[in-house]
Amino acid sequence: MGKQAIHWASVRRQFREDFRFATVVRFSIVSLVVLVGITGYRLAAGYLREGLIDGLMALGVALVLVHTLRTGETRRSGRLFACVAGTAAFASSAMFGVTGLFWGYVVLWINFMLATPRFALTLNLLLVAALGLQTELFAGPVYQVTYFITTGMIIAFAWMFTHQMAKYQAELEHLALNDPLTRSGNRRALRQAMNETAARNRPVSLLLLDIDHFKQLNDRHGHDLGDRLLLRFADLLRRHVRAVDDVFRFGGEEFIVLLHDLPPDAAEHAAERLHVATSGALEVDGAPVHYSAGLAHRGRSEHWNHWLRRADDAMYRAKQAGRNRLVIDRDETSARDAEDRDLQSSAEIVELQPLPEST
């Protein structure tokens, strides 16, 4: 499950923003409290075998909880929790007979809440078949048939409910993570992507772009033209970056491109090619629209806030140097080390001219 420490600030933020993460954590904590209580009661009452099994189930839930808090990953955590819960329901029926079946009804619903619908459906059908075919658990065929009917209804209703909830959640997440004007990721999506890149510990570079003289264009031609220009500019960026790269609207006329899995030299070449291909490619009243940009490579263990500030500083240097330029900040030290350094000494101004209009 990994040896990384739990970052409680990230946990609290994800708990507020990620419904599935919060659900997995809540269910894990409640289940852990219940199982620990039952384990203590049975051990105190002398039921050593049953207490040991409950203790193992509590340990499984605890491991799922720790994995979720460490990684922030919910898909695998939900499946692990569903497997632990299913195993616990089966073991409870094996130990206590028909009274153990009551726990199975709770597990059938929980599995749909935590795991993906297809995985939950498969696991629930296996659990119902494993329990329902044990004739010794039922007083007669009528009770056995009733069990299959009631569990089937629970599975059907839970499937329909979670399927509809997943649809609504996907729509809400799309609205929450995308800028409605440019169809690019918004600041929330940017922060999420930055956290994910930090967790992956793979090379990534941040390109911050700002359209030159946009306010004058907006004032002269109106907000409708400004909005159309922003939309066309976002589409232009998406057409010229790789599928693995991300485009975000940072605010106003500022955009951010995350260049993933490229070493610094390759990321710089990619940023230069993007600037040459797109700065000046759009026109307003026959005049090309240019932009200034700053590029910063993420340093090892560098906080994303400092990384973003370096790119922002580089972009403003491009503005001060005459606009329609790219400034590359090659400082890759950590945020702690960089606070004591002059970041300006590591910035390099690269002036690029747009491609001829014929291209």
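Student: Is D219 buried or exposed, and why?

Tutor: Buried means under 20% relative accessible area, exposed means over 50%, and partly exposed is what lies in between, using a 1.4 Å probe and protein chains only. D219 counts as exposed because its relative accessibility is 54%. Before going on, please note that this is a predicted model, in which local features need pLDDT of at least 70 and side-chain atom pairs count only at pLDDT 80 or more, while totals for chains, interfaces and linings use all residues. Residues are numbered from 1 along each chain as its sequence is written, and side-chain values use heavy atoms, with hydrogens and water left out.

Student: Which residue forms a salt bridge with D219?

Tutor: A salt bridge is a side-chain nitrogen of Lys or Arg within 4 Å of a carboxyl oxygen of Asp or Glu. Here K215 is the partner of D219, with the closest N and O atoms 3.0 Å apart. K215 counts as exposed because its relative accessibility is 56%. Both K215 and D219 belong to helix α9 (residues 214–221), where they sit 4 residues apart, about one turn of the helix. Helices (H or I, at least four residues) and strands (E, at least two) are DSSP runs, numbered from the N terminus.

Student: How many salt bridges does the structure hold, and where do R310 and D329 lie?

Tutor: The structure holds 13 salt bridges. In one of them R310 meets D329, the closest N and O atoms being 3.4 Å apart. That pair links distant parts of the chain, since R310 is in helix α12 (residues 304–320) and D329 is in strand β7 (residues 325–329), 19 residues apart. Both R310 and D329 are buried. Another case joins the side chains of E50 and R49 at 3.3 Å, N to O; E50 counts as buried because its relative accessibility is 12%, whereas R49 is exposed, with a relative accessible area of 52%. Salt bridges can also form a network, as they do among R183, D235 and R238.

Student: Which residues of α2 are buried, and what covers them?

Tutor: Contact means heavy atoms within 4.5 Å. The buried residues of α2 include F21, V24, V25, L35 and T39, and their cover includes α1 (8–17), α3 (48–71), α4 (75–96) and α5 (101–114). T39 counts as buried because its relative accessibility is 11%, and, leaving aside residues up to four places away in sequence, T39 touches G51, D54 and G55. In α5, the buried residues include L101, G104, V107 and F112, and what covers the buried residues of α5 includes α2, α4, α6 (117–132) and α7.

Student: Which residues make the nonpolar surface patch?

Tutor: Patches are made of residues with over 30% relative accessible area and no salt bridge, with like charges joined within 9 Å and nonpolar side chains (Val, Leu, Ile, Met, Phe, Trp, Tyr) within 5 Å. Accessible areas come from the Shrake-Rupley method with a 1.4 Å probe, and for residues only the protein chains shown count as cover. The patch here, of about 970 Å², is made by W109, V145, I149, M153, F157, W159, M160, F161, M165 and Y168. Helix α7 (residues 141–177) gives the most to this patch, with 9 residues. M165, which lies in α7, counts as partly exposed because its relative accessibility is 37%.

Student: Which strands pair with β1?

Tutor: Two strands pair if DSSP finds at least two bridges between them. Strand β1 pairs with β3 (residues 254–260) in the antiparallel sense over 7 bridges, with L207 opposite V257. β1 is also joined by 7 bridges to β6 (residues 291–297), again running antiparallel, and there the bridge partner of L208 is G294. Strand β1 (residues 204–211) is mostly covered, with 8 of its 8 residues buried: V204, L206, L208 and D210 are on one side, and S205, L207, L209 and I211 on the other.
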